[in-house]
Amino acid sequence: MHISRPRSVLLAGAVVVTLSATALPAALAAPSSTAVISEVYGGGGNAGASLTRDFVELANAGTAAYDLSGYSVQYLPAAPSAGSLWQVSALTGSLAPGGRYLVAQAAGTGGTAALPTPDATGTIAMSATGGTVALVSGTTPLSCKTAADCAADTRVVDLVGYGAAVVREGSGPAAGASNTTSVARAASLADTDDNAADFAAGAPTPVNAAGETSGGTGPTDPGGPTEPGTVRIHDIQGTTRVSPLNGRQVTGVPGIVTAVRATGSRGFWIQDPVPDADPRTSEGVFVFTGSTAPGVAVGDSVLVSGKVDEYYPSTTSQSITEITAPRTTVLSSGNALPEAVVLDAASVPDAYVPSAGGGSIDALALQPSVYALDLYESLEGTRVRIADTRVTGATNTYGEVWVTVKPDENRTRRGGTLYASYEDQNTGRIKVMSLDGNRPVPTANVGDVLSGTTTGVMDYASYGGYSLQATELGTRTDKRLRREVTRKQKGGELAVATYNVENLDALDEQTKFDTLAEGIAVNLSAPDIVSLEEIQDDNGAVNDGTVGSEATLKRFTDAIVAAGGPRYAWRYIAPENNKDGGEPGGNIRNVFLFNPKRVDFVDRAGGDATTAVAAVRTKKGVALSVSPGRITPNSDAWADSRKPLVGEFRFRGKPVFVIGNHFASKGGDQPLHGRYQEPRRSSETKRVQQATEVNTFVKSLLAADDSARVIALGDLNDFAFSPTVNALTSGKVLKPLIGTLPTNERYSYVYDGNSQTLDHILTSPGIRRFDYDVVHINAEFADQASDHDPQIVRVDVGPRRPDHGHGRH
């Protein structure tokens, strides 16, 4: 493995679904005597896994090379829903006669051995226990979801379904694999178009086109170099992000071992103690030993021979320059290490990264005195040192913590670093990890300080970008960050909150329910209405058609009462099975909780998963056609996504319309630190469509009653300065309340050390007096019930109407 881990791999192999077999066609693709899928392994990086990465291996049983240009490997879950999509990994090059071709897929933090150098790299997180993999002529995703439909698609060259896969060849799928077993063809590569007969489960045996089965030979191999060659590390690193020697063999590269990684992506870093005069060329490089444990120690003087490789942890990330398949000779031990480069506010530039007009920055000459990412790249593999750094992203479950070397850069009130605009990146952020298994990164919250010096090598990962692999860690200074408690609403104030409870279902541990409940009862001071995001059905990810959430909400509301809160009632509309995105089988939805002793819910029958709510003009103002209802649920804007929930409430006799939202995620967007600059935000298109639908509905309410009180809130998955929020507020029909806070308090979520706003509350012009608060109880803490902070608005709707008796005090 060459990567920290992609987050998506956490879902791989998490769910086992058993389906009854149905009659299937005898074959899908015609039996092949040339290119076939020879092995599939989806357990890579999982707990207890044998390998750190998923893979698909291809083989050529023919006597001529098989051109793979324009081909792809594609993956479909074992039990695809209507919303399931084939995931695609493009291929290049050719498959030699009798040879193998290795496609690396998603990696994780588990596993003990790395793949040999892959011939192609994808990011698909395959299930360990079941799924379907296809070799496809073309890179357009397949659309078939059944064995019969895939049999009719002539683009399918070969296909294997394993575990409980619905889409497979022949009488049944290949035997189920696991974290320690793959499914593989026999050595004969026979293809009878019956997956159950052609494949067997066993220990994974990945082989690449070079015939390699591991990352390289041992560091003390007797065939190692004996004399320094002509190439130095700065020659390998070059003046751009890609080595001028990429793909070439190098011999006898000298250096001092500065750090060793003995688990996961095994290898060691070496650094030349005699640097050149060019600040663009790094003097350090990673030597990748694969499944072989590094046999060197810090302070060893070594000579390394091997192949220079630019490894891309993902298709949109920057690369890591490495020496692979190494042969290493230790010349001496106990040598002094090169002096570490100090990173601080004075040395790190204020500009973030050069622009390539959306293209790749790989070939641009580095400007380390101008751009922060160029500086970090010029130090890749080099020893660096930071001191007394403030924590801007709490320690996560992977033992990583984000700090800043710029103490005054966009500082929030509670010690974070604010992400204020697309143009104003925070250049001082660095992720810190520990290479010492006996001394992990301390558990720290935002605002704490990593005191003293932290020293290590500059590395790069797909998630997070440039990071410091620490060999010396500072100590935590606790700044005593506390969870906030908002004030109680007054008698005449309607308190409305939003809270993303992170895939809550009835099968979750009681501690999760209790912690979330305390957040509502205590920290939010028991709002009158709570709009919840990410409530799942009663059995969570079990994909059996269950769509109701009664048991989940009963446990949650019981926990709120136990925490001292009121007995909430609830309203929601159950989605159609697997039509609202989220975790397969989870049937995620928005839900309203409300305190019936304080507020009335106006129930109007007819609302269901596919019926659109409408504004109805009446003599007393506007009303909803159905309540609860959904906004344009059949619009393409909501395909495979959560639909907004609309409810009509009455408080002190006056109507209030609440719209609970959970817009499409940012999945698929290019990272801020990636090789494409400026990064493309592909997911934004759908959120703008969704925002437009909600905006249109709000306009219909205001057209019927321009004084209507409307509160739109929820997880919009986008920033206050985004086109999404611009579309939602078009015509000034809604006001985003985050902008009413002081600048250094405008955040509800922390990602990669950036404090940012994804959750929002917006109000219509009919709401003139309000008090708004983001209640920080999760995002800044290492121990959190959700990764989102809740928000609350207390609205003064005016005195009770004397002629209306439905409102309660």
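1. A closed barrel is formed by 5 strands in the order 13-14-15-17-16, and its pairing is mixed; from one strand to the next the twist averages 55°. Strands here are DSSP runs of E with at least two residues, helices are runs of H or I with at least four residues, and both are numbered from the N terminus. Two strands count as paired if DSSP finds at least two bridges between them, while angles run from 0 to 180 degrees between the N-to-C directions of axes, which are lines fitted to C-alpha atoms.

2. The model is predicted, with local features requiring pLDDT of at least 70 and side-chain atom pairs counted only at pLDDT 80 or more, whereas totals for chains, interfaces and linings use all residues. Residues are numbered from 1 along each chain as its sequence is written, and side-chain values use heavy atoms, leaving out hydrogens and water.

3. An open sheet of 4 strands has the order 5-4-9-10 with antiparallel pairing; its edge strands, each pairing on one side only, are strand 5 (87-90) and strand 10 (156-162). Neighbouring strands of this sheet are turned against each other by 20° on average, direction ignored. Strand 9 (residues 131-136) is joined to strand 10 by 6 bridges, the two running antiparallel, and Leu-135 stands opposite Asp-158 in strand 10.

4. Helix 7 (residues 684-704) has 21 residues, which at 1.5 Å a residue should span 30 Å, and the 31 Å between its end C-alpha atoms agrees with this; the expected span is 1.5 Å times one less than the number of residues. Its buried residues include Arg-687, Asn-695, Phe-697 and Leu-701, where buried means under 20% relative accessible area with a 1.4 Å probe, counting protein chains only. Among the elements covering the buried residues of helix 7 are strand 34 (645-651), strand 35 (654-662) and helix 8 (723-728).

5. The chain holds 8 helices and 43 strands, and buried residues make up 60% of its 809 residues. Its radius of gyration is 28 Å, which agrees with the value near 28 Å for a compact globule of 809 residues; this radius is taken over C-alpha atoms, and the globule rule is 2.2 Å times the number of residues to the power 0.38. Along its principal axes the C-alpha trace spans about 95 × 70 × 45 Å.

Key: Buried < 20%, exposed > 50% of the residue type's maximum accessible area, 1.4 Å probe, protein only. Contact = heavy atoms within 4.5 Å.
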